[in-house]
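Please keep the sequence and the 3D view open as you read.

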Amino acid sequence: MAMAGPPPGMGQIMVLSKSLHLALSASRVPMTRRFAMATRHLQHCCKSSRSPSIASLLTNIMRSIFLLNTDSKTQRTHGRQAQLGNIHAARAVADIIRSTLGPRSMLKMLLDPMGGIVITNDGNCILREVDVSHPTAKSMIELSRAQDEEVGDGTTSVIILAGEMLINAEPFVRANVHPTVIVRGYNYALQEALSICEKLALEVDVRDTDRMKALVQSCIGTKFSSRWNDIMIDMALKAVLTVARETATPTSLPGDGADIYSQKMEVDIKRYAKVEKIPGGEISDCAVLSGVMFNKDVTHSKMRRRIENPRILLLDTPLEYKKGESQTNVEITDEEDWNTLLKMEEEYVENMCMEIIAFKPDIVITEKGVSDLAQHYFAKANITAFRRLRKTDNNRVARATGATIVSRTDEIREGDIGTGCGLFEMRKIGEEYFAFFEECKNPKACTVLLRGGSKDVLNEIERNLTDAMQVVRNVVFDRRLLPGGGATEMAVSVGLRKAGLKLEGVQQGPFLAVGEAMEVIPRTLAQNCGVSVIRTVTELRAKHAATYEEAEKEGGEGAFPKCNWGIDGTTGKLVDMEQFGIWEPFSVKIQTIKTAVESACMILRIDDIVSGSKKKGY
């Protein structure tokens, strides 16, 4: 029987493959010239090919060669090389801030692009100022920013944990385990870690002052302001509990017969807890006002500077003659017309002032201007006036005093006047005058007054206080707590090690790697204390493992032990966190673990990095 011959054009492809190989492997020839030689070969073969299918195949090959422009400015890494490069970049970022974890943390001094100096141990603040070029390092820094925006604390922990997750994945990458297998094991471990955290959690009452103080202590005990812990803790608690208010939120669809509204706490620290930094004085002079203050002086020297139980009117309309929005020309033919125009302006301002004076306010605050004539009428009526107040400050005054901001003077009603303020007083601090509205009845806005020796000290204290307020806010939202000092991480690590023994197959390795990575937090705490890391971490692991074994003997295989032993970040000794009083918000810890594992999974799935500059004109 006759054998079937090769398809038409196959000989051309064999010749082409040899010529392409020679053209592209000519090492002494520049890359662009190699591609030009290969393209000419392809074009020649396309024209001379008799088979249409072979011709279309060659055309597609020719097009695909120039799909990615690999000139001298473009860098491309792919495969295992890209994955290992990502892991090393993550390790470098984690090493930058590893020494800033815990009460014995070190500070970093950074120079910003404008020449200013930043001295801090806040993970987000450090990484925000660091200039990096590697794309994976940039995405790691974004983790810290996302953590800060979401829960306000744990910015250092999330970077260290994510870096350790990737470092523990390196042996699997080198052993040619597929990244999706590693990711699947990591995701299983994440679900198991979250369930362990929920079993460990302890619910707390927000009104329990001692427990709340211990909670805030665990947050700011690691910061620069830890020397003034008592003041800072009281300020954070007072500020958040002042701003917090219950709001009715819909929980089910109307018509279900159930109560469609539930009371949920609203805590808007950014808008209603303003931090005023005034250089000078001592840190012990810091306070949270039972009201608000702003940096403004009265508009007229004859106005009152101290009023008890004032009636306050807030406006966002100008108390001066309205100017035309576009250029206005007026032609006057008679001399009297000019006087009539001036008289009309004065009457307009006088009418506005009379409408305000009719309600007998003691203080008038407007976001726009106040003319000299209006100041005269107010001073005559014994009314104190402020002008050009910021919108945000006006909103705080409205919430603290119970006033309503009015847009037109002819729409003022008695209910718009704020009577919630107990004392108004002008005070001079340094070279500036400040208006204080204090002793407010049930204020839902406040001002945090910070005093300190220099701007650098004030900026660092503000960062620390913001973290503390975020921690209290998280507990107001979710009242569950977890033990601090690395106790939660070690409990999760031991729990994952026990659960991993039941798994089979390739996923067991990545699952157990997450458990090993969780130990980085207690290990770093011990390292920053200066104690023996291996001995301390081994003892802590043994305590948690022994608790597991006791629970299994007493309650069977499904029993879960609550072991709260962790590391005292100051001395490096092992302590029971329940007795020691170091707790962390459940939401912060859960967010840290979720962000670290999910970001590690995302980075592991990257197998190609292309970086280059665009051509000019594009």
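Gln147 sits in helix H6, which spans residues 135–150. Helices (H or I, at least four residues) and strands (E, at least two) are DSSP runs, numbered from the N terminus. Before going on, a word on the source: this is a predicted model, in which local features need pLDDT of at least 70 and side-chain atom pairs count only at pLDDT 80 or more, while totals for chains, interfaces and linings use all residues. Residues are numbered from 1 along each chain as its sequence is written, and side-chain values use heavy atoms, with hydrogens and water left out.

Is Gln147 buried or exposed? With a relative accessibility of 1%, Gln147 is buried; here buried means under 20% relative accessible area, exposed over 50%, and partly exposed in between (1.4 Å probe, protein chains only). The side chain of Gln147 makes a polar contact with the side chain of Thr592, at 3.0 Å. A polar contact is a pair of N or O atoms within 3.5 Å; within protein, one must be able to donate a hydrogen and the other to accept it, and residues adjacent in sequence count only if both atoms are side-chain atoms. Leaving aside residues up to four places away in sequence, the residues that Gln147 touches include Gly152, Asp153, Val158, Val588, Gln591 and Thr595. A contact of this kind means heavy atoms within 4.5 Å.

Asn394 belongs to helix H14 (residues 391–401), and Asn394 is buried because its relative accessibility is 0%. Which side chain makes a polar contact with that of Asn394? The partner is the side chain of Glu367, at 2.7 Å. Apart from residues up to four places away in sequence, Asn394 touches Leu314, Leu315, Ile365, Glu367, Leu389 and Ile405. Ile405 is 11 residues from Asn394 along the chain, and their C-alpha atoms are separated by 7.9 Å.

## The chain as a whole

The chain contains 21 helices and 22 strands. Of its 618 residues, 46% count as buried. Among contacts between residues at least 6 apart in sequence, 72% join residues at least 24 apart. The accessible surface comes to about 32500 Å², and carbon and sulfur atoms account for 51% of that area. These areas come from the Shrake-Rupley method with a 1.4 Å probe; for residues, only the protein chains shown count as cover.

Helix H17 (residues 508–518) has Pro510, Phe511, Ala513, Val514, Gly515, Ala517 and Met518 as its buried residues. Among the elements that cover them are helix H7 (155–174), helix H8 (179–200), helix H16 (487–500), helix H18 (520–529) and helix H21 (586–604).

As for cysteines, the structure holds zero disulfides (pairs of cysteine sulfur atoms within 2.5 Å). Cys353 is buried at 1% relative accessibility, and Cys563 is buried at 7%.

## Salt bridges

Side chains of opposite charge can pair when their charged atoms come close. With a salt bridge taken as a side-chain nitrogen of Lys or Arg within 4 Å of a carboxyl oxygen of Asp or Glu, the count comes to 28. Three of these pairs are listed here.

| Pair | N to O distance |
|---|---|
| Arg271 and Asp268 | 3.6 Å |
| Asp362 and Arg304 | 3.1 Å |
| Glu425 and Arg306 | 3.8 Å |

Glu425 lies in strand E15 (residues 423–429) and Arg306 in strand E10, so this pair ties together parts that are 119 residues apart in sequence. Arg306 is partly exposed, at 45% relative accessible area. Through shared partners, salt bridges join Arg306, Glu308, Glu425, Arg427 and Glu438 into one network.

## A nonpolar patch

On the surface, Leu107, Met109, Leu111, Ile117 and Ile119 form a nonpolar patch with about 480 Å² of accessible area together. Strand E2 (108–111) and strand E3 (117–120) are the elements that give two or more residues to the patch. Patches are made of residues with over 30% relative accessible area and no salt bridge: like charges are joined within 9 Å, nonpolar side chains (Val, Leu, Ile, Met, Phe, Trp, Tyr) within 5 Å. Leu107 lies in the loop between helix H4 (80–97) and E2, and Leu107 is partly exposed because its relative accessible area is 42%.
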